[in-house]
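Please examine the sequence and the structure together before turning to the notes.

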Amino acid sequence: MNISNAIVSVARERNITDIVMGMHHMTPAVPGIAGPIPRRNGEPAIGRMAADVLGQSNVTTFLYNAEQPLSTVKRHLIVVPEKAEKEAGFQMWMNRIHQLA
């Protein structure tokens with residue numbers, strides 16, 4: 001069993017609703033990931049583990065590109081798809097973002 005499988009298994013077993021993952025230090029931030037996960041040299045542009053977790057789980061997953069500790073961030077830039085506010089669960093998602101901030 002690899003690490004991404006373990007993360008997904010624990011999320012299922014414990015009914016976890018959110019996963020917060022840091023991005024690999026070699027991985028540039030990829031804004032607005034939609035559809036297939038972008039690839040660079042055959043590897044996912046967001047990192048293999050993050051891509052595997054996103055592909056295997058259906059829980060809300062936040063990817064954080066750690067330039068500084070999360071607790072010291074004063075300004076958050078959130079990228080949201082067009083008309084996302086009309087989707088079911090949008091308000092719950094906004095509340096989660098607010099709690100993280």
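The notes below proceed from the chain as a whole to one helix, its packing partner and one arginine.

The structure is a predicted model. The chain holds 3 helices and 4 strands, and from the N terminus these elements follow the order α-β-β-β-α-β-α.

**The chain as a whole**

- The chain has 101 residues, of which 23% are buried.
- Its accessible surface amounts to about 7,600 Å², and carbon and sulfur atoms account for 54% of that surface.
- When contacts between residues at least 6 apart in sequence are considered, 55% of them join residues at least 24 apart.

- Helix α1 spans residues 3-13, and its buried residues are S4, V8 and A11.
- Viewed down the axis of α1, these buried residues lie within an arc of 60°, and they therefore line one face of the helix.
- The face of α1 that is turned away from the buried side bears the exposed residues I3 and E13.
- The cover over the buried residues of α1 includes strand β1 (18-22) and helix α2 (48-56).
- After α1 comes N15, which has a positive phi, near 55°.

**The packing of α1 with α2**

- The axes of α1 and α2 are 9 Å apart, and the two helices pack at an angle of about 35°.
- The crossing of α1 with α2 is right-handed.
- On the α1 side, the contact is formed by I3, S4, N5, I7, V8 and R12; on the α2 side, these residues meet M49, D52, V53 and Q56.
- By residue class, the contact of α1 with α2 comprises 5 nonpolar, 3 polar and 2 charged residues.
- S4 and V8 belong to the buried residues of α1 and also take part in the contact with α2.
- I3 is exposed on the face of α1 turned away from its buried side, yet I3 is also among the α1 residues that meet α2.

**Arginine R96 in helix α3**

- R96 is located in helix α3, which covers residues 90-100.
- R96 has a relative accessibility of 14% and so counts as buried, the cut-off being under 20%.
- Apart from neighbours within four places in sequence, R96 is in contact with T17, D18, T60 and F62.

Key: Residues are numbered from 1 along each chain as its sequence is written. This is a predicted model: local features need pLDDT of at least 70, side-chain atom pairs count only at pLDDT 80 or more; totals for chains, interfaces and linings use all residues. Side-chain values use heavy atoms; hydrogens and water are left out. Buried means under 20% relative accessible area, exposed over 50%, partly exposed in between (1.4 Å probe, protein chains only). The arc is that of the directions from the helix axis to the C-beta atoms. Contact means heavy atoms within 4.5 Å. Accessible areas come from the Shrake-Rupley method with a 1.4 Å probe; for residues, only the protein chains shown count as cover. Axes are lines fitted to C-alpha atoms, for helices over the stretch in contact, and angles run from 0 to 180 degrees between N-to-C directions. A crossing is left-handed if the near helix is turned anticlockwise from the far one by less than a right angle, and right-handed if clockwise. Ala, Val, Leu, Ile, Met, Phe, Trp, Tyr, Cys and Pro count as nonpolar, Asp, Glu, Lys and Arg as charged, and the others, Gly among them, as polar.
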